[in-house]
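Hi,

Here is the model I said I would pass on.

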Amino acid sequence: MSARESPALVSPIAAARGVDKVYADEAGRNRVILKHVDFEVRENEVVAVLGPSGCGKSTLLRILIGLIPPSAGTVEQHGKPLEGIHPGAAVVFQNFALFPWLSVSDNVRVGLNDRPLPAGDAEARVKAVLAAVGLSGHERDYPKELSGGMKQRVGIARALVGRPELLCMDEPFSALDVLTAELLRTEVYRLFTERTSGLSSVLLITHLIEEAVFLGDRIVVLGANPGTVRREIVNTVPHPREYRSPAFLQMVELIHDVVTGVHLPDSPSAPAATVPGRRLAGPVSPLPAVRIGEILGLLEILADQGGTMNLFDIDALTDYDFGRTIAVAKAAEMLDFVDTPKNDVVLTESGRRMVKASTAERPALLRTEVLKLGVFCLVIRELAKDPDVPLAGDAVRDLLAEHLPTVDASELFGTLINWGRAGQLFDFESASDALALYSGREEEAGG
Amino acid sequence: MSRSGKGRVSGLAVDVALFVVLGALVASVVGLAQRWEAPIRQAVEIDLSPSALPLYTLLSLSRGFAAYLLSLAFTLVYGTIAAHGKRAEKVMLPLLDIGQGIPVLGFLPGLVLGMVALFPRTNVGLELACIIMIFTGQVWNMTFSYIGSLRSIPEELHEVARIHRFSFWKRFRIVEVSSSVIGLVWNSMMSMAGGWFFLTVNEAFTLGDRDFRLPGIGSYMAVAIEKGDSRAMAWAIFAMIVMIVACDQLLWRPLVAWSQRFRNADVEGEAAPESWVLNLVRRSAFLRRLRLRRRRRHGAAAPSPVSPPALAETGADTRSARVRTGILVAFGLAALAGALLGAWKLVGLLARVPSGEWVVLVSALGATFLRTLAALALATAWTLPIGILVGRSAVWSRRLQPVVQIVASFPAPMLFPIVTGVLLALRVPFGAIAAVLMFLGAQWYVLFNVLAGASAIPHDLDEAADVYAMKGTARWRKLFVPAVFPFLVTGLVTAAGGAWNASIVAETLTWRGRTLETFGLGSLITKATRDANFPLLTAGVLTMSLALVLLNRLVWRRLYRLAETKYSLNR
């Protein structure tokens, strides 16, 4: 059923054409969330949008159905410009978004949009849809009496009762525990494949590769900072889908590679700068939002496993989602502690040294690597202009936003502080938001 | 079988009781309306016999409820407008902040004169003036609470309302009011208590040579104090307590218990508030039948009228947006014109204040400021240790909370004569007594907040203090006091506002025929009212408002920030 030919002549149910989204944060700095996104949902398909957190997937969903306007570009429904809210759309929210003071059946009734229906018909539809999601007998319950999984069933029932042509699901299972999520995912899969609910198309937002492969007919991989469409893959895994089937595993592998390629490109790594006193700074590029502790943790794991590990094996060892594992690996690579040929992560010489070093020696090792990064040189140059006067954190955030407009400056600043303090480059006082060059005298007892 | 039979009997009894209460309500409303139509008498003779008290109490209660309905209406309208217009909010929130701080009692003379002029032949003007004064004591925290609730509605709920095309009313009902019910009910309870504070003044006061009086428990107390009739004072206090307890048990407890169904999160563990009255009403056979019928009708709803197609809707949207902007602009212009006119009048009035008076005003401000500080210090001195001790114990705080609430609802000015009598006998100068009187009303705000703070101290911090053998003063210094600090600041801010306002009734007191007075801004304002010296009155009120706003900006804001950054347990 994935091989439905969608006639090219029929215009898509919803489409974004060249859409940008720019937000201003509290300090008035502009941040680019989405950049030139072309995307469409066609009739009779399940599109899964896959991307790490913060890549603007949810924003894209909201723009597509008219909840928020794009900063640039156009949004269409059935080939016409979208005005107001998409008339055929319904949404299942990550955190359910039920009204706590309405009973289950009243919550579901909300999905009927006060449509004029023959007497008794509304009641019958609510009953039928509640039966379909396995909530018969719970009509009079209130959401707070239900478990998370049952709450999301109500959310799904509310979305389905109006027989939407476009069902949007915004990370629908990620607020649930693993087992409940798996059960619900399987039931939703059945709903999709049986198409008994008048459903035409589904837009699924997810950060889990397996989920995208399990449910999607087409998988769109988004990259972050700013969010752009990186790849589109037609999911050829035949129905019924099984997690352990070779075709399924192959597809997961393929998408793993795509995601890794997007986030960890195999560029020749810059030669390590060893000339003492000379700082070889690369271009100013953003840092993955990863703490030094996580990077060191990765190095320890690698050292334990003989220095080389497959990215997916690391992912399986941690309770991170795949995007986060990649971010940690990428951060370690930026610091020259690892190399990442293909899907492997390999400890480098300086990585080995770092693992062996004592706690007292580590800051110096880290400092050498950190100083090779352009973004640190940028900030240090600014601080060195007047070494006695600390810089306001806001000034630094502005500086970062100016050089890297697509990045969340506050988040980047947080990462910068974390790495810089670990390398004893900076002093930072959060109460006064003041950043200064490290002033502590060399009092490392062991070194 | 027998159980259901018994249930039916008691259900019937409840029905009878309900009808009796309803009938009494209708009868009293009719009676009150007749009174309002009574020809104006500036000084009603207040009958000091206890038998007159039930009627007086009922009259005061009806004023309180009329003011409350006004507050509720104001809150819903003001809050909705403020929350819907991002630009309107920028003006409306600070306006509310200022309104809360202004010593409203200073406006009483102008209001009364204006209202009496509007309704020269009947008592309506005086009644309205009194109701509006009570309203100004009630409305602020309700409106703040409502706006706060509206702002904390999760964005997804708004999105659901938009996706499923809620009408304005449907959104108002299901999203906005429903999200705010818990906060509104709670603050309504506080507001009713706050509204009684100035009752003795609102119902009976003199302006120049004119004596305005309305029959009510406040004026009863005022006359009793004037005559030094301690038996009548005791009766009035008793009647007030009965009224407060009755309101609490028959109205607020049931409402608080009922409002729990609007609770958002599933915060269990905390015992849900219960009310014996609500439990009774829930057992009412009549109401149950009514509910059932409604549900059945709801089930077989007739088809609603055809909704307009989506395109027309968006057209209407932009049109209504244009209309809304138009209305806002018109309102803005009217407000601006009013403000200009007011400013012009104000300058004219203030110009008539001799420059020597300004010096007196500023030194009076200083005196009252010192008294406020003393009142806050007194309040902190006992509420901080007691509040922490009680708040640490879940059992005690649950037991004491309703009692404290009722005690706190009691209008402190009614106790002023007794406290003054005792302290005078101890040869305390009246200047210091005034500070104690200001403290009487202000202490509860501090206590409530410290209690809340103490019960919010995480258990593991307590355990850590145990493990590291943190004992006695160290535990207080390092754990308890810092942990409740943010709550203490909140309590102090509110208490300070209350103390400033209370100075108007605390710095002057008529006691057994003689007038006690101490130098301060409050007594200056009271004197200006008595002498009908409007320029001085205006200058006094203005000075106090300015001082309050400045203190807020310069002192309290900073303390808030310190509390939020350094002493917050949420980060």
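Below are my notes on a sheet, some helices and the confidence scores.

First, the ground rules. This is a predicted model, where local features need pLDDT of at least 70, side-chain atom pairs count only at pLDDT 80 or more, and totals for chains, interfaces and linings use all residues. Residues are numbered from 1 along each chain as its sequence is written, while chains are lettered from A and ligands numbered from 1 in the order in which they are written.

Chain A has an open sheet of 6 strands, in the order β6-β7-β8-β3-β9-β10 and with mixed pairing. Strands here are DSSP E runs of at least two residues, helices are H or I runs of at least four, and both are numbered from the N terminus. Two strands pair if DSSP finds at least two bridges between them. At the edges sit β6 (89-92) and β10 (228-234) of chain A, each pairing on one side only. On average, neighbouring strands of this sheet are turned by 20° against each other, direction ignored. For angles, axes are lines fitted to C-alpha atoms (for helices, over the stretch in contact), and values run from 0 to 180 degrees between N-to-C directions.

Inside the sheet, β7 (residues 166-170) and β8 (residues 201-206) of chain A run parallel, joined by 5 bridges. Look for A:M169 there, opposite A:L204 in β8(A).

Two helices go with this sheet. Helix α1 (residues 57-64) of chain A packs on it, touching β3 (46-50), β7, β8 and β9 (218-223) of chain A, and its direction makes about 155° with that of β8(A). Contact means C-beta atoms, placed from the backbone, within 7 Å. Helix α4 (residues 148-160) of chain A lies across β6 and β7 of chain A and runs at about 180° to β6(A).

Elsewhere in chain A, the axes of α8 (residues 292-304) and α11 (residues 349-356) come within 10 Å and cross at roughly 100°. That makes α8(A) roughly perpendicular to α11(A) (65 to 115 degrees). A:L299, A:E300 and A:A303 in α8(A) meet A:G351, A:M354 and A:V355 in α11(A).

Now confidence. Chain B averages a pLDDT (the predictor's confidence in each residue, from 0 to 100) of 77, and 81% of the residues score at least 70. Over residues 292-317 of chain B pLDDT stays under 50. Where pLDDT is low, the predicted coordinates should not be read in detail. For the complex, the predictor gives an ipTM of 0.76 and a pTM of 0.76.

Cheers

Terms used
Angles under 35 degrees count as roughly parallel, over 145 as roughly antiparallel, 65 to 115 as roughly perpendicular and the rest as oblique.
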